Structure formats: structure tokens, C-alpha cells
Amino acid sequence: MKFKAILMVALAFACCLGADAQKTKKKKFKGTQPAVETVKPVPADTFSYAVGVAQAPSLKQYLMQREGVDTLYLADVVRGLKANLTEKEQKKFAAYAAGLKIAQMNREQVLPQLNNSATGNKDSVYTDFALFTEGLCDGLMNQTKNGLTPDSAMKVAERQFQYQQQMVKNLNAKFLEDNKQLKGVKTTESGLQYRVLTMGTGAVATDTSEVEVHYEGTLIDGTVFDSSYKRGKPATFRADQVIKGWTEALKMMPEGSVWNLYIPYNLAYGERGTRGIPPFATLIFKVELLKVKK
């Protein structure tokens, strides 16, 4: 009897709740709908001008960041925007702008690269900008002097590049020849030279050993191209994951050793070099073998 009574009460409550909900629902939708706001159109001339003004900040940012336009010359941009040119005139000015951009690139990037390849010094004045530009322009217009063609001109340029490479090669070879005469310097069959500063007593690495080292690398003119000391953190790598001169030395150095290495280009980065290291470069390293890991 109790269960039946509880059930009857629950049903009555549900009915009441449903009735109340219906009442609430009816009350909710009483009254009129809110009025729809009317948006008036903008006159075409007002709209056109306003859109231009709204886009101006973005355009200014684009001109400065992407096109490199100085704010002092915004008036010239305005003249271009307002110019009513024919298609032929547009192509003419586009070509002129391309010439200006290439001239800047030649002055800032190409000439230093040419000077470096021709003399080993990117800051030299060996390549004359005016004559280089003249040759470039004559070549474009097929009006070259002295019977030069692009192929014959390239042979002239390559001769200077080869001369510079030979000079560098000879300079590095002389350094190694003089260096091996110094007291304490030993030379292996491969041509690797080394001097023992401290001979350790620990384990010796194999090809697959992982080693922890501190080092500093310089060119024969004293230029530092890499240094774990400057980074404040030793380097860790496998003995066979570095240049040949390093691998050979690491497999001779007991843990705890400090050596100077003098590595010929054929045991380093070869005839092409790499970033920060020129072709045919002899590399000088101070290497501190901190640990040989099992």
C-alpha cells in the first residue's frame, strides 16, 4: 500500500509540474515581437572613400615591411596609385623598378660574394661595381665588347676563381709544412697533425663511442669559427659522426686528454668548404676529451 501511495503522489506532482510549465510557456510568448532595426544604405561615393581610408594603415604597413618603402617617399607611392597608365607604360615602369631592385641586390649581396671568390675577402674592391654593371647591361642587350660571349666571359671569371683557390691551397699547405716542423707536433699517415697538451689516462673511443668534448676551432689566420667554450656547454656526439680528422684523433685520445689538432682540408670540409669555412681550409682545434661513454 505504501508503494502505491508514493506512486500516486509522484504522478500528481508530475501533472502539476507539467501544468505549471505550460503556464510558464504561455506567459513567455505573451506580448509583441521586438521591432527589426532598419539599416540605411551608404551612398556609393561615401562608401568608396571610406573603404580607401580604412585600408590605408594596412597598405602602409605592407609598403614598409614587404616592399621596403621609406615613409619619406609615400608621396611617390601616391603618384603611382593615381597614375592612369596604359598597359605598355605599366610594363615599362615595372621593368625600371626591377632594374633598381637588382642593382641594389648586386651592390649589397652579389659584389661581396664575387670579391670573396676572387680574392678571399668580401670587403675588397677588386670587383668594380660600375664595370660589372656595364658588362651586365651589355650582355642583356647583346652588345658586348672585345668579342666576349657569356661562355668566354665565364672562362675569364673562372680563371680568377681558380687562381684564388690555388693561392689558398698553397697557403694552407705551407702552414702545415711549417707546422709539422714545430716541437711536439706529430703527423699521422693520413696527414693529420696533433700536439699533446695533456695526456689522459681514461678509456679510448671507438667509431661508435659517444664522447663529450669541449673544443674551439680556428682558421690559420686565427678566425674562430666554432667554440663550445663560448657556448658554455660541451658537445656530445659519436666519434664517427664528425669530420675524418676528428674521428681519427678521438680514437687515439684517452679520456682526460687535451690536444691541439691541425686538420688538412681533405680530412675536414674539402675543396668546397662550408658555412664559415672557406675551401681548402686547414682547421685548427683545441680539443678537450671530457668523457668517453660506454
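## A nonpolar surface patch

I102, M105, L136, L140 and M141 make up a nonpolar patch on the surface, with about 500 Å² of accessible area together. Two elements, α4 (87–119) and α5 (129–140), each give two or more residues to this patch. Patches consist of residues with over 30% relative accessible area and no salt bridge; nonpolar side chains (Val, Leu, Ile, Met, Phe, Trp, Tyr) are joined within 5 Å, and like charges within 9 Å. Accessible areas come from the Shrake-Rupley method with a 1.4 Å probe, and for residues only the protein chains shown count as cover.

L136 is found in helix α5. L136 is partly exposed, at a relative accessible area of 38%. Buried means under 20% relative accessible area, exposed over 50%, and partly exposed in between (1.4 Å probe, protein chains only).

## Basis of the model

This is a predicted model, in which local features need pLDDT of at least 70 and side-chain atom pairs count only at pLDDT 80 or more, while totals for chains, interfaces and linings use all residues. Residues are numbered from 1 along each chain as its sequence is written, and side-chain values use heavy atoms, with hydrogens and water left out.

Helices (H or I, at least four residues) and strands (E, at least two) are DSSP runs, numbered from the N terminus. Helix α4 has 33 residues and reaches 45 Å from its first C-alpha to its last, close to the 48 Å expected at 1.5 Å a residue. The expected span is 1.5 Å times one less than the number of residues in the helix. A kink of about 45° in α4 is centred on N106. The bend at a residue is the angle between axes fitted to the seven residues ending there and the seven starting there. N106 is also buried, as are L111, N115 and A118 in α4. An α-helix has 3.6 residues a turn, so residues three or four places apart point the same way.

Helix α2 (residues 44–65) has 22 residues, and from its first C-alpha to its last it reaches 32 Å, close to the 32 Å expected at 1.5 Å a residue. At A56, α2 bends by about 40°, and a proline, P57, follows within four residues.

Strand β3 (residues 210–218) pairs with β5 in the antiparallel sense over four bridges. V213 stands opposite A235 in β5. Two strands count as paired if DSSP finds at least two bridges between them.

The bridge partner of G217 in β4 is D226. β3 and β4 form a hairpin with five residues between them, and G222 in the turn has a positive phi of about 95°.

## Salt bridges

A salt bridge is a side-chain nitrogen of Lys or Arg within 4 Å of a carboxyl oxygen of Asp or Glu. By this rule the count comes to 11 salt bridges. In one of them, K251 pairs with D207, the closest N and O atoms being 3.0 Å apart. This pair links distant parts of the chain, 44 residues apart: K251 is in the loop between α8 (244–250) and β6 (258–263), and D207 is in the loop between β2 (193–198) and β3. K251 is partly exposed at 35% relative accessible area, and D207 is partly exposed at 34%.

E210 and K293 meet through their side chains in another salt bridge (3.9 Å, N to O). E210 lies in strand β3 and K293 in strand β7 (residues 283–293), 83 residues apart, so this pair too links distant parts of the chain. E210 is partly exposed at 35% relative accessibility, and K293 is partly exposed at 27%. E210, E212 and K293 are linked in a network of salt bridges.

The side chains of D240 and R238 form a further salt bridge (2.7 Å, N to O). D240 counts as partly exposed at 32% relative accessibility, and R238 is partly exposed with a relative accessible area of 32%.

## Positive phi in a loop

N142 has a positive phi of about 55° although it is not a glycine. N142 lies in the loop between α5 and α6 (150–179), and counts as exposed at 70% relative accessibility. N146 is found in the loop between α5 and α6. Phi of N146 is near 60°, a positive value in a residue other than glycine, and N146 counts as exposed at 78% relative accessibility.
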